[in-house]
Amino acid sequence: MEKLIQITSGRGPLECQWVVAKVLKVFLEEVKQEKIDYEIIHRQEGDENLTLKSITLLLKGKKVSLFLKNWVGTVAWTGKSTFRKLHKRSNWFIGIFEIEELETIDFNEKDIQFQTTRSQGSGGQNVNKVNTAVRATHLPTGLSVFTQDSRSQLENKKLSITRLKEKVTAQYIQQLERRMQETWNNHLQVKRGSPVRTFSGTDFKKNHQDKSFKKQRNALKNELKNYKNDLN
């Protein structure tokens, strides 16, 4: 199982970039605990040291989908800005998104269909009267090229393979660029409210949910202690 995810500050200020870097550290710690392999695909550095605008990761492992259920969405951090001491805001939001991965194009010469024809235009007796020109079509994508550079059909065939591969690769790059544009749109979709995780403190060791459970446990312990005292 492979998943491509992006952690982003969106259009958030420098504080959000700092949160991305901090959350990434916690995220990777949990990834290692779950024995999930990861690879950093792309990272965009923040405006200050130790900050990140976004980072794209490829996760590999059996537990990836289950793991991401606790991460994908809006992540909040509650605390005072370390960059602007007098800033009144105390809630900062970043986003974690899953990116639909592109299918890799496997260029194989067996997938090419060749057609020979007479060359077009002026060029001499052999060029005009012999089927030396080659049209090559890549069947999986439907892309094709027409080659008539040489008087040799074999040479034109070799050239057509090279040019067709370049054309298929160029199309794949265009698709990647469109996908990267889609991921950039994720930067604009960081929503506040109902975060999947809420952190506080500069060490990012605890979140509000964990702290609330701790308070509940302590309250139950105190209640049990008082109950025992009443029995005595």
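Predicted model: local features only at pLDDT ≥ 70, side-chain atom pairs only at ≥ 80, totals over all residues.
User: Where does Trp71 lie?

Analyst: Helices (H or I, at least four residues) and strands (E, at least two) are DSSP runs, numbered from the N terminus. Trp71 is in the loop between helix H2 (64-68) and strand E4 (73-78).

User: Is Trp71 buried or exposed?

Analyst: Buried means under 20% relative accessible area, exposed over 50%, partly exposed in between (1.4 Å probe, protein chains only). Trp71 has 0% relative accessibility, so it counts as buried.

User: Which residues does Trp71 touch?

Analyst: Contact means heavy atoms within 4.5 Å. Not counting residues up to four places away in sequence, Trp71 touches Val23, Val26, Phe27, Glu30, Ile96, Val196, Arg197 and Phe199.

User: With which side chain does the side chain of Trp71 make a polar contact?

Analyst: A polar contact is a pair of N or O atoms within 3.5 Å; within protein, one must be able to donate a hydrogen and the other to accept it, and residues adjacent in sequence count only if both atoms are side-chain atoms. Here the partner is the side chain of Glu30, at 3.1 Å.

User: How many aromatic pairs does the structure hold?

Analyst: A pair of aromatic rings is described by the distance of the centres and the angle of the planes. Rings of Phe, Tyr and Trp (its six-membered ring) pair if their centres lie within 6.5 Å; planes under 30 degrees apart count as stacked, over 60 as edge-to-face and the rest as tilted. The structure holds four. One is Phe27 with Phe67: centres 5.4 Å apart, planes at 65 degrees, so edge-to-face. This pair joins helix H1 (residues 14-33) to helix H2, 40 residues apart. Phe27 also pairs edge-to-face with Trp71, at 5.1 Å and 75 degrees.

User: Which residues form one aromatic cluster?

Analyst: Phe27, Phe67, Trp71 and Phe199 do.

User: Which charged end sits over the ring of Trp71?

Analyst: A charge sits over a ring if NZ of Lys or CZ of Arg is within 6 Å of the ring centre and within 35 degrees of the ring normal. For Trp71, it is Arg197, 4.0 Å from the ring centre. Elsewhere, Lys157 lies over the face of Phe114, at 4.6 Å.

Methods: Residues numbered from 1 in each chain as written. Heavy atoms only, no water.
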